[in-house]
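Look over the sequence and the model below. Then use this briefing to find your way around.

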Amino acid sequence: MSEHPRAPHEDPARHHEDTVRSHDADDHHDENGSHPASGPEGVPPVLEHHVLKSLLGAWALAACGPAEAEAVEEHLGSCGSCADEALRLREAVGLLQRPEPLDLDPALRTRVLQSCLERRPPRIPVPEWAAPYDAETARLDALLQDFGDAEWHAPVRLRWYESDEATTRRTTVAGVIAHLMTVDGLVAIALGLDDPLGDAAPPRPTPWDRTEAYWRSARVPPTRAVRTPWREQSHDLVRTVSFTGGGTGRMPVSYGDYTLPLHDAMLDRAFECWVHGEDIAEAVDYPYDPPTGRHLHRIVDLAARMLPAVLEHRRLNGLASPVERRLVAAGEPGRSLRLEIEGSGGGEWLIPLDSPAAKGSAEHEVAHVALDGAEFCRLAAGHVPPQEAAAGQVGDRDAIRDVLFAAASMSRI
């Protein structure tokens with residue numbers, strides 16, 4: 001073996017001391033963690049306490065490498081002070097991060113579909129007036145898909161206004177879906193599809209009569225089995241109106257006491273699906289958001305367009321203030337109420353007060369009512385008392401009362 005050369009006059013003892021110090025320094029360098037010695041595969045590196053403590057912040061943020069994280073976690077099992085500090089750091093990280101909700105944004109489906117359609121337009125597109133129904137039935141079905149038997153039999157209280165009085169009817173989640181299916185059947189009949197009631201259909205095709213006929217004819221209360229025929233029918237409706245094209249939008253759909261064109265009937269069914277989706281979500285203590293702004297605007301517009309005829313009907317039955325002036329000729333401007341809808345789906349509508357054939361006029365405005373979009377729809381669904389609905393109101397008090405009660409009277413089971 002060759003000897004290491006020494007400088008002239010070098011003290012052998014000093015050389016031995018320097019060599020030992022050099023080895024100690026190398027060992028210390030490894031223990032500080034800059035270049036830790038790697039053990040066998042799967043075994044964490046051996047690190048000193050102060051090094052492991054300095055890694056706690058990175059570990060709490062999940063920023064450690066796999067080997068370092070394993071070493072820290074092994075250390076926490078034997079060091080109480082570091083375990084306490086790690087717990088505090090993890091809790092602090094949790095406060096800094098915004099919790100992600102489990103519920104999907106109701107606009108997500110629309111955005112995804114829109115993005116897909118921009119890349120590859122459908123050969124047979126869904127008409128714009130049917131899109132809200134398509135979206136709301138899909139949202140409700142997503143809520144239902146994980147329900148167990150207990151949820152399907154959870155009690156639900158349906159609410160609406162009748163003769164200016166709040167009315168309720170008790171049913172179950174399954175009963176609500178059966179109700180939606182039977183009333184959607186009115187659209188199915190108009191399109192030449194099968195009636196879900198079959199031979200049990202009542203003489204008068206009103207939503208109330210059809211729902212009662214279904215509940216009476218059922219040998220047992222509705223169960224989760226009702227979901228499949230309801231969902232298949234909703235798919236059939238969307239598919240049929242898509243294949244027949246947008247020109248079918250004016251086809252009449254009879255509700256027994258009145259008739260709606262198909263494009264308005266599909267909006268009406270989207271509205272009912274959302275409202276009863278909220279009823280179901282409330283029954284099982286689950287959040288449920290309003291429709292997207294674009295779809296909510298269409299639903300509000302339908303209710304606003306129906307208000308003049310509802311006002312006239314109430315006036316003829318002594319439920320609204322009489323018109324003291326002469327009736328306005330069709331198409332002519334007359335006294336009007338400005339309905340301002342705020343928030344998502346908002347806008348402004350001028351509601352003619354004296355005749356459904358009159359034209360809303362800003363020059364003849366006698367009152368102004370402001371409501372949130374979802375709140376207005378809940379008013380029209382009979383879920384909000386008319387006296388408590390308006391966020392702001394100015395002008396003729398009788399006109400305001402007539403319009404708010406007319407909106408509530410549009411509700412039904």
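**Cavities, a pocket and a helix**

The second largest cavity is lined by Arg 159, Glu 272, Val 275, His 276, Ala 381, His 383, Ser 411 and Arg 412. On a 1 Å grid over the protein atoms alone, a cavity is a set of points where a 1.4 Å probe fits but cannot get out, and lining residues have an atom within 4 Å of a point. This is a predicted model, where local features need pLDDT of at least 70, side-chain atom pairs count only at pLDDT 80 or more, and totals for chains, interfaces and linings use all residues. Residues are numbered from 1 along each chain as its sequence is written, and side-chain values use heavy atoms, without hydrogens and water.

**Second largest cavity**

- Its volume is about 40 Å³, a volume being the space filled by probe spheres set on grid points joined across faces, edges and corners.
- Helix H12 gives the largest share of this cavity's lining, with three residues.
- The lining of this cavity splits into two nonpolar, three polar and three charged residues.
- Ala, Val, Leu, Ile, Met, Phe, Trp, Tyr, Cys and Pro count as nonpolar, Asp, Glu, Lys and Arg as charged, and the others, Gly among them, as polar.
- The count is two cavities of 30 Å³ or more.

**Largest pocket**

- A pocket is an open set of points with protein on both sides within 12 Å along at least five of seven lines.
- The largest pocket holds about 1000 Å³ of space.
- It has 33 lining residues, and Tyr 258, Ser 409, Met 410, Ser 411 and Arg 412 lie nearest its centre.
- Ser 411 and Arg 412 also line the second largest cavity.
- H13 gives the most to the pocket lining, eight residues.
- Elements that each supply at least two lining residues include strand E1 (155-162) and helix H10 (207-217).
- Helices (H or I, at least four residues) and strands (E, at least two) are DSSP runs, numbered from the N terminus.
- The pocket lining has 19 nonpolar, seven polar and seven charged residues.

**Helix H9**

- H9 has a kink of about 25°, centred on Asp 184.
- The bend is the angle between axes fitted to the seven residues ending at a residue and the seven starting there.
- In H9, 16 of the 18 residues are buried, meaning under 20% relative accessible area with a 1.4 Å probe, protein chains only.

Conventions. Buried means under 20% relative accessible area, exposed over 50%, partly exposed in between (1.4 Å probe, protein chains only).
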